[in-house]
2 protein chains.
Amino acid sequence: MNEAKKKRLIERGWKIGSVEEFLQLSPDEAAYVELRLKLSDSLRVQRQKKNLTQVEFAKLVKSSQSRVAKMEAGDSSISLDLLIRSLLALGASNRDLANMIGQDEHGTAG
Amino acid sequence: MNEAKKKRLIERGWKIGSVEEFLQLSPDEAAYVELRLKLSDSLRVQRQKKNLTQVEFAKLVKSSQSRVAKMEAGDSSISLDLLIRSLLALGASNRDLANMIGQDEHGTAG
DNA sequence: GGAATATATGTCTGATTTGACATAATCGCA
DNA sequence: TGCGATTATGTCAAATCAGACATATATTCC
């Protein structure tokens, strides 16, 4: 995980576990956070591909605009559950999800 | 989704949405439930591969035996979040997850 | 059969996540 | 610049999910 990404996470409320240290993640915690980032980013991409505003999208997934904004921002108050259900509601298949998740990195060149 | 699987789900508390009908799932709901099943099943496989009892495993992922049993049973009181964090705790990588999720079907011949 | 081990099911209480709402910030365009 | 549309951030009560515990049901071995 590169530095830009770390910084982004800290701003989003990620302290994780109870590590006092500066985002010192265990491998599985890191994988978890990476995973969420991939899905957040995919979510925004998919929404924009469909030319939906956050408000329209919120209606589609039966949530609210504020929640959508937070989904896309990778906010720590959003669960993987919600991210995934939203992607599915957008029409993604499980295979699509697998592709999103399995990719190495996804355009966060640092 | 085949019939055996449906039956299994109904027993696990899956009514979803507020459909009165007999497990009449929309495509995205179906994909969501399928996804959970894949992860549940993988979880059991991975645990057994490591020769861990549910109790040992529970300790490893900082949960309880009852919760582990429910994870593996695909119980509706378990979130995707917990399933995925547990798989990661077991040592799975995001790529591993992608493989679990992307597979077509996985041995539920009916 | 019975004991030991493993897994399943039900139910509490507390913690987290939810959608909703208010409101602030940012963008696009005349 | 100002206005409308879009996106971001903060807060809340209600709903969901968490670990823990009790207890029931397998499963395995003698």
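1. The crossing in which H2(A) passes H6(A) is right-handed. Please keep in mind that this is a predicted model.

2. The contact of H2(A) with H6(A) draws on A:Leu35, A:Lys38, A:Leu39, A:Ser42 and A:Gln46 from H2(A). From H6(A), the residues are A:Met100, A:Ile101 and A:Gly102. Sorted by class, this contact holds 4 nonpolar, 3 polar and 1 charged residues.

3. H6(A), which spans residues 94–102 of chain A, also packs with H5(A), residues 80–89. The axes of these two helices come within 10 Å and cross at roughly 125°. That angle makes H5(A) oblique to H6(A). H5(A) passes H6(A) in a right-handed crossing.

4. Which residues make the contact of H5(A) with H6(A)? H5(A) contributes A:Ile84, A:Leu87 and A:Leu88, while H6(A) contributes A:Asn94, A:Leu97 and A:Met100. The class division here is 5 nonpolar, 1 polar and no charged. A:Met100 is listed in the contact with H5(A) and is also listed in the contact with H2(A).

5. Is A:Ser40 buried or exposed? This serine belongs to helix H2 of chain A, which covers residues 27–49. The relative accessible area of A:Ser40 is 1%, and the limit for buried is under 20%, so A:Ser40 is buried.

6. A polar atom of the A:Ser40 side chain lies 3.1 Å from the backbone oxygen of A:Met71. With neighbours within four places in sequence left aside, A:Ser40 is in contact with A:Met71, A:Glu72, A:Gly74 and A:Leu83.

7. For the chain as a whole, chain A has 6 helices and 0 strands. Along the sequence, the pattern reads α-α-α-α-α-α. Chain A has 110 residues, of which 41% count as buried. Of the contacts in chain A between residues at least 6 apart in sequence, 63% join residues at least 24 apart.

Definitions and conventions. Residues numbered from 1 in each chain as written. Chains lettered and ligands numbered in written order. Predicted model: local features only at pLDDT ≥ 70, side-chain atom pairs only at ≥ 80, totals over all residues. Heavy atoms only, no water. Axes fitted to C-alpha atoms, helices over the stretch in contact; angles between N-to-C directions. Helix = DSSP H or I, 4+ residues; strand = E, 2+ residues; numbered from the N terminus. Parallel < 35°, antiparallel > 145°, perpendicular 65-115°, else oblique. Left-handed = near helix turned anticlockwise from the far one by under 90°. Contact = heavy atoms within 4.5 Å. Nonpolar A, V, L, I, M, F, W, Y, C, P; charged D, E, K, R; others polar. Buried < 20%, exposed > 50% of the residue type's maximum accessible area, 1.4 Å probe, protein only. Polar contact = N/O pair within 3.5 Å; in protein donor to acceptor, adjacent residues only side chain to side chain.
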